[in-house]
Amino acid sequence: MLDDKLFTQITYRLVHEPDVYSYYQKLIEFVKTNQRHPDMSNIVDQIAWIEQEYGYESPKPPKQKIVAEKINTDYLTASQQVTEVVDKIIDRDFSPTDLKPVLQYLAPELRWNEQALEKYYSLRKEQREDEDFTNEINNELNELLTITAGDVEIKDFLPDWIALPLNSYCKNTQTRQSIALLTFLTACSACHKVGTKILVDYSKNWLQPPLLFSLLVSPTGQGKSPIVDALIQEPFSSIQSEWKKAYDQQKQDHKFELDDIKGLPKEEQIAAMREVVPPPDREKILFSTDPTIIGLNLQFNTYPEQGILGLYDEASKLFAFDRTASGKSDRADLLSYYNGYGVSELRKDGIRTNVPQTSLSILGAIQPELLLELMSGCEDPSGQWARFIICNQPLQRKLPSRNQPMIEMKDFLINIYQRILKAPKTLYTLDEAAGKLFDDYLYFDVESKRMTTNQLGLAALYGKVGGKVARLALTLQAIEMLETDRVDKALIKIETMEKAIALDKFFTNQSKAFYAISMANQNELSPKLALIVNRSKQVGPLTARDVQRFILAFRKDDPSQIREWFKRLEKLGKGKCHGTGNRLTFNARL
């Protein structure tokens with residue numbers, strides 16, 4: 001059958017293609033019936049050469065049914081039965097001593113070798129635990145990615161005449177609306193008369209002041225300081241400047257009055273001096289960029305109806321108060337201001353401060369790394385950080401906006417702040433629907449989370465939710481009522497409570513996202529994966545080296561481990577991996 005002469009002619013292209021194909025077919029037929037022919041090796045080589053050169057394709061042999069015959073219906077059914085039995089054993093969670101006789105008893109029933117069944121049990125248990133862990137990680141990761149995404153819309157919480165200018169300002173400055181909204185609400189909270197409160201629950205005599213403790217958390221260079229300057233410091237400074245002029249004029253008038261009295265007879269001087277009202281020994285302020293506990297107490301003692309805003313461009317100073325040169329920290333005093341309680345300060349020279357109520361709001365700006373260092377793992381045993389509303393401004397690329405119209409905020413905001421400042425001390429209450437909504441949210445949603453979380457910091461955070469919601473509702477109501485003739489301005493209705501709860505949910509998620517960074521620093525997997533995804537969404541493809549350099553939680557991790565996390569994220573559908581080895585990159589921008 002083998003024709004070497006013809007094949008040689010074929011290799012030199014001296015044979016017409018129909019004759020080539022005819023010879024090729026004969027070779028194929030010969031192979032089918034002569035598997036053990038001594039020239040079989042040469043025949044196969046000739047067939048392979050012709051197929052490669054002429055593009056012929058030999059017919060495929062029929063698929064053998066050996067595997068199919070083994071994996072028949074009976075086998076699949078038996079395998080399924082074994083899996084079901086083993087799953088039930090796993091669910092029963094037998095102790096090692098109880099498991100051995102169970103497997104010994106079942107092995108003959110299932111027609112399995114005991115050792116094989118024991119090995120299958122271990123493999124199946126490991127597989128199920130891995131599946132459960134993957135599902136748990138995926139659920140936690142999805143939650144973390146959800147709470148870090150998105151922003152609020154100012155128009156959903158404030159009247160249009162306020163929301164529109166603030167929204168335009170955010171667009172011009174490329175600021176998150178939540179940052180601007182929290183800054184504005186904190187400023188308004190400091191403008192209420194001391195003693196203004198909301199009656200949350202009459203049966204408990206639960207009262208809350210309007211003051212807010214707020215933190216703007218953002219990397220350096222994201223524009224925290226300009227926001228605070230435009231929305232608070234400039235308008236507050238103008239208001240404070242007018243107060244200073246009035247105070248200076250009062251002191252001048254007092255001096256002139258004393259000079260006039262000096263010209264009176266002695267008896268008349270004594271009578272006139274009894275009628276003289278001296279000016280305060282210090283001028284009134286609305287905010288301070290570097291308050292001390294002593295300064296705050298003296299200010300409240302002098303102006304007991306005026307609230308104060310502590311403004312910290314670097315909030316790391318928040319817990320660096322010094323009462324004396326000894327360096328003693330007045331953290332407890334600061335925390336006590338949160339409840340709006342009074343101050344009765346007794347020193348050896350007498351009572352220095354004695355006021356029944358105070359009102360100190362706080363707004364600070366800080367970098368996330370510094371705040372994490374201050375919070376020391378976010379356990380928060382005293383609840384000091386749970387008092388703060390945290391809002392994150394993530395790393396975000398800035399774009400040119402030179403041709404945008406300038407938004408003048410100063411005079412607009414002065415008008416709003418002054419109107420709140422002039423409002424009398426007020427007791428706000430909830431109508432029935434608002435009260436029920438508040439109770440449903442606090443007692444059936446937040447409380448269940450507080451009781452089940454295994455993170456001490458989050459438990460403390462949930463414990464402060466009720467007060468925060470009430471405070472937000474109070475200030476939202478006061479702003480809403482600035483341009484209305486409603487008689488019941490102090491009655492908070494369900495619409496306002498819905499806004500306050502929605503804001504609280506957003507800001508609580510902001511805190512949870514920040515606490516997740518702390519958990520990542522403690523090598524929790526889900527927060528670490530979320531940090532990788534969020535960083536990639538900001539800057540695009542990441543290498544393991546990028547992750548190590550730019551995310552603090554990964555500084556001590558091996559690059560190969562980071563690349564394994566890249567692959568896990570791809571399997572979870574959070575992005576795509578490209579490249580191999582140390583050039584492997586992960587990109588979450590799908």
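The structure is a predicted model, in which local features need pLDDT of at least 70, side-chain atom pairs count only at pLDDT 80 or more, and totals for chains, interfaces and linings use all residues. Residues are numbered from 1 along each chain as its sequence is written, and side-chain values use heavy atoms, with hydrogens and water left out. Helices (H or I, at least four residues) and strands (E, at least two) are DSSP runs, numbered from the N terminus. Two strands pair if DSSP finds at least two bridges between them.

**The parallel sheet**

- An open sheet of 5 strands has the order β4-β5-β8-β3-β9, with parallel pairing.
- The edges are β4 (287-288) and β9 (388-392); each has a single partner strand, so one side of each is left without a neighbour in the sheet.
- Strand β3 (residues 213-217) pairs with β9 in the parallel sense over 5 bridges.
- In this pairing, Phe-213 stands opposite Phe-388 of β9.
- Asp-290 is found in the loop between β4 and α12 (293-302).
- Asp-290 is exposed, with a relative accessible area of 53%; the terms here are buried for under 20% relative accessible area, exposed for over 50% and partly exposed in between (1.4 Å probe, protein chains only).
- The C-alpha atoms of Asp-290 and Leu-182 are separated by 21 Å, and the two residues are 108 residues apart along the chain.

**The mixed sheet**

- A sheet of 4 strands, also open, runs in the order β2-β1-β10-β11 with mixed pairing.
- Its edge strands are β2 (206-208) and β11 (491-492), each of which pairs on one side only.
- Strand β10 (residues 427-430) and β11 run parallel and are joined by 2 bridges.
- Thr-429 has Leu-491 in β11 as its bridge partner.
- Helix α18 packs on this sheet, touching β1 (197-201), β2, β10 and β11, and its direction makes about 60° with that of β2.
- Contact means heavy atoms within 4.5 Å, while axes are lines fitted to C-alpha atoms, for helices over the stretch in contact, with angles from 0 to 180 degrees between N-to-C directions.

**The hairpin**

- Strands β6 (residues 341-347) and β7 (residues 350-357) pair in the antiparallel sense over 6 bridges.
- These strands, β6 and β7, form a hairpin with 2 residues between them.
- Ser-344 stands opposite Asn-354 in β7.

**Nonpolar cores**

- A nonpolar core is a set of buried Ala, Val, Leu, Ile, Met, Phe, Trp, Tyr and Cys residues joined through side-chain atoms within 4.5 Å.
- The largest core has 101 residues, of which Leu-158, Phe-184, Leu-185 and Tyr-417 touch the most other members.
- Helix α18 (residues 465-480) gives the largest share of this core, 9 residues.
- Leu-185 touches Leu-158, Leu-212, Leu-472, Thr-475, Leu-476, Ile-479 and Leu-503, not counting residues up to four places away in sequence.
- Another core, of 28 residues, lies apart from the largest one and includes Ala-530, Ile-532, Cys-577 and Phe-586.

**Helix α15**

- The 13 residues of helix α15 (residues 410-422) should span 18 Å at 1.5 Å a residue, and the end C-alpha atoms are 18 Å apart, which agrees; the expected span is 1.5 Å times one less than the number of residues.
- Phe-412, Leu-413, Ile-414, Ile-416, Tyr-417, Ile-420 and Leu-421 of α15 are buried.
- The cover over these buried residues includes α8 (160-173), α9 (177-189), α10 (224-262) and α18.

**Salt bridges**

- The whole structure holds 21 salt bridges, each a side-chain nitrogen of Lys or Arg within 4 Å of a carboxyl oxygen of Asp or Glu.
- Asp-91 and Arg-128 form one of them, with the closest N and O atoms 2.7 Å apart.
- Asp-91 lies in helix α5 (residues 73-92) and Arg-128 in helix α7 (residues 114-148), so the pair ties together parts that are 37 residues apart in sequence.
- Asp-91 is exposed, at a relative accessible area of 54%.
- Asp-87, Asp-91, Arg-124 and Arg-128 are linked in a network of salt bridges.
- Lys-204 bridges to Asp-201 with the closest N and O atoms 3.0 Å apart, and Asp-201 is buried, with a relative accessible area of 16%.
- Lys-245 and Glu-242 form a salt bridge with a closest N and O separation of 3.7 Å; both lie in helix α10, 3 residues apart, about one turn of the helix.
- Lys-245 is exposed, with a relative accessible area of 53%, whereas Glu-242 is partly exposed at 45%.
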